[in-house]
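This briefing concerns side-chain contacts in a single model. Please view the sequence and structure shown here before reading on.

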Amino acid sequence: MEQMILDTAQRMFADYCDKPLLDQAERGEFAQTLWQAYLTSGFHQLGQPASGTELKDLYGFVQQCGRFAVPLPIAESVLGNLWLGDEHTQVVGIGWLQGDQIEQVRWGR
């Protein structure tokens with residue numbers, strides 16, 4: 001399972017995490033298409049018992065995110081969902097969504 005997750009993540013990030021996307025993130029623009037791919041893939045549920053994955057799968061996925069410099073709040077969202085448990089179905093974060101921006105994000109800009 002772990003290798004399948006890593007291979008899928010690598011393919012997804014290779015497709016999306018190119019120089020224009022990283023430049024967009026540097027300008028403070030959110031990578032909406034990459035975020036949608038992340039949600040559609042179900043990666044935000046990694047580590048939850050109902051997902052059939054383990055914490056080591058989550059750890060490997062977060063490492064893969066680092067390798068590709070994924071400009072998304074990946075660790076925050078997967079850990080938030082993990083802490084809230086299987087019954088929680090929405091993606092959580094560490095800030096407040098105000099319109100199309102996330103505010104009050106510690107260490108964010």
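**Side-chain contacts in a predicted model**

K19 and D23 form a salt bridge whose closest N and O atoms are 2.9 Å apart; the term denotes a side-chain nitrogen of Lys or Arg within 4 Å of a carboxyl oxygen of Asp or Glu. The structure holds two salt bridges, and a search of the whole structure finds six aromatic pairs. The model is predicted, so local features need pLDDT of at least 70 and side-chain atom pairs count only at pLDDT 80 or more, while totals for chains, interfaces and linings use all residues. Residues are numbered from 1 along each chain as its sequence is written, and side-chain values use heavy atoms, with hydrogens and water left out.

**Salt bridges**

- K19 and D23 are four residues apart in helix α2 (residues 19–26), which means that about one helical turn separates them. Helices are DSSP runs (H or I, at least four residues), numbered from the N terminus.
- K19 is exposed, at a relative accessible area of 58%, whereas D23 is partly exposed, at 29%. The classes are buried (under 20% relative accessible area), exposed (over 50%) and partly exposed (in between), using a 1.4 Å probe and protein chains only.
- The other salt bridge joins the side chains of R27 and E29, with an N to O distance of 3.0 Å.
- R27 is exposed, with a relative accessible area of 55%, and E29 is partly exposed, at 38%.

**Aromatic pairs**

- Rings of Phe, Tyr and Trp (its six-membered ring) pair if their centres lie within 6.5 Å; planes under 30 degrees apart count as stacked, over 60 as edge-to-face and the rest as tilted.
- Among the six aromatic pairs is that of F13 and F68, a tilted pair with ring centres 5.9 Å apart and planes at 50°.
- This pair links distant parts of the chain, 55 residues apart: F13 belongs to helix α1 (residues 2–16), and F68 to the loop between α4 (55–67) and α5 (74–84).
- F13 is buried, at 1% relative accessibility, while F68 is partly exposed, with a relative accessible area of 21%.
- W35 and Y38 also form a tilted pair, their ring centres being 5.1 Å apart and their planes at 40°.
- Both W35 and Y38 lie in helix α3 (residues 32–41), three residues apart, or about one turn of the helix.
- W35 is buried, with a relative accessible area of 13%, and Y38 is buried at 0% relative accessibility.

**Aromatic cluster**

- Ring pairs join F13, F30, W35, Y38, F43, F61 and F68 into a cluster.

How values were computed:
Helix = DSSP H or I, 4+ residues; strand = E, 2+ residues; numbered from the N terminus.
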